[in-house]
Amino acid sequence: MNPKPTRRDALDNRERILTVAREAIAVSSGASLTAIARQAGVGIGTLYRHFPTREALILELYRHDIQHLIDRAPVLLGEHPPLVALRRWFDEVAHYGRLKYGVAEVIHAATDGGTDDEYFAPFVAAIDVLLRAGGADGSLKSGIDPEDVLLQLSVLWRIDPARGGEARAGRILDLIVDGLRATP
C-alpha cells in the first residue's frame, strides 16, 4: 500500500515537473508529457493530478515566469543604473521569449490575446517603473508609453530560436533601447 504523499512531497513533485517542463518545452514546443513526467521522476498520473492538460502546464509555466519578470524589474533597478537595468530586464524578457517560442499561441488563446490576462497590467507597470527611472536620471526619454514598449517587445515571441534567435533578439533589443535613449 502506498502512503499518500506529504504536502512537501507534492510540492516537490510539482516544482520538479515545472522545472523539467520548462527545459523540455524550450527544446521542443511539442515535448511529450510522458517524457516530462519520466524526466521529473514522477508517474504520468502525478503529472496529470497537478496539470490536467498540456495547456494547464503551459499556463502555469507562463504565470510563474511572467511573475518572475515582473518581480525582477525593481530588483535590477536596485542593482544597476536605469538604462543598464532596462537592458538587462529586456534580455531576460528575450530569454523568456525564446523559451516560450512555439507555445505562445496557447498562452495568447488562454488569455484572450492579453485582454483577460491578469499579468498584463503588472507587466506594463514593470516596464513603466524602468522607463520612469530612466526618465528621471536623464538616460531615457521622458513620457514613453510602456504599452508601446510592450508592443515592441512582443516581436521577441516570434523569433525562432533555432534560426539565430538569440543574436536577432539582441539586435532588436539594441534598436529598441537606442530608440528609448534620451541621447542616441
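Buried means under 20% relative accessible area, exposed over 50%, and partly exposed in between, with a 1.4 Å probe and protein chains only. Helices are DSSP runs of H or I with at least four residues, strands are runs of E with at least two, and both are numbered from the N terminus.

This is a predicted model, in which local features need pLDDT of at least 70 and side-chain atom pairs count only at pLDDT 80 or more, while totals for chains, interfaces and linings use all residues. Residues are numbered from 1 along each chain as its sequence is written, and side-chain values use heavy atoms, with hydrogens and water left out.

**Whole chain.** Show the chain as a cartoon: it has 9 helices and 0 strands. Of its 184 residues, 42% count as buried. Contact means heavy atoms within 4.5 Å. Among contacts with a separation of 6 or more, 69% join residues 24 or more positions apart.

**Helix α7.** Select residues 120–137, which form α7. At 1.5 Å a residue (taken times one less than the number of residues), these 18 residues should span 26 Å, and the end C-alpha atoms are 26 Å apart, which agrees. Now colour the buried residues of α7: Phe123, Val124, Ala126, Ile127, Asp128, Leu130, Leu131 and Gly134. An α-helix has 3.6 residues a turn, so residues three or four places apart point the same way.

**Helix α1.** Next select residues 7–27. The 21 residues of α1 should span 30 Å, and the end C-alpha atoms are 31 Å apart, which agrees. Its buried residues are Asn13, Ile17, Leu18, Val20, Ala21, Arg22, Ala24 and Ile25.

**α1 against α4.** Show side chains for Arg14, Ile17, Leu18, Ala21, Arg22 and Ile25 of α1, and for Leu57, Ile58, Glu60, Leu61, His64 and Asp65 of α4, which make the contact.

**Isoleucine 58.** Finish at this residue of α4. Is isoleucine 58 buried or exposed? Isoleucine 58 is buried, with a relative accessible area of 3%. A distance drawn from its C-alpha atom to that of arginine 22, 36 residues away along the chain, reads 8.6 Å.

Methods. Axes fitted to C-alpha atoms, helices over the stretch in contact; angles between N-to-C directions.
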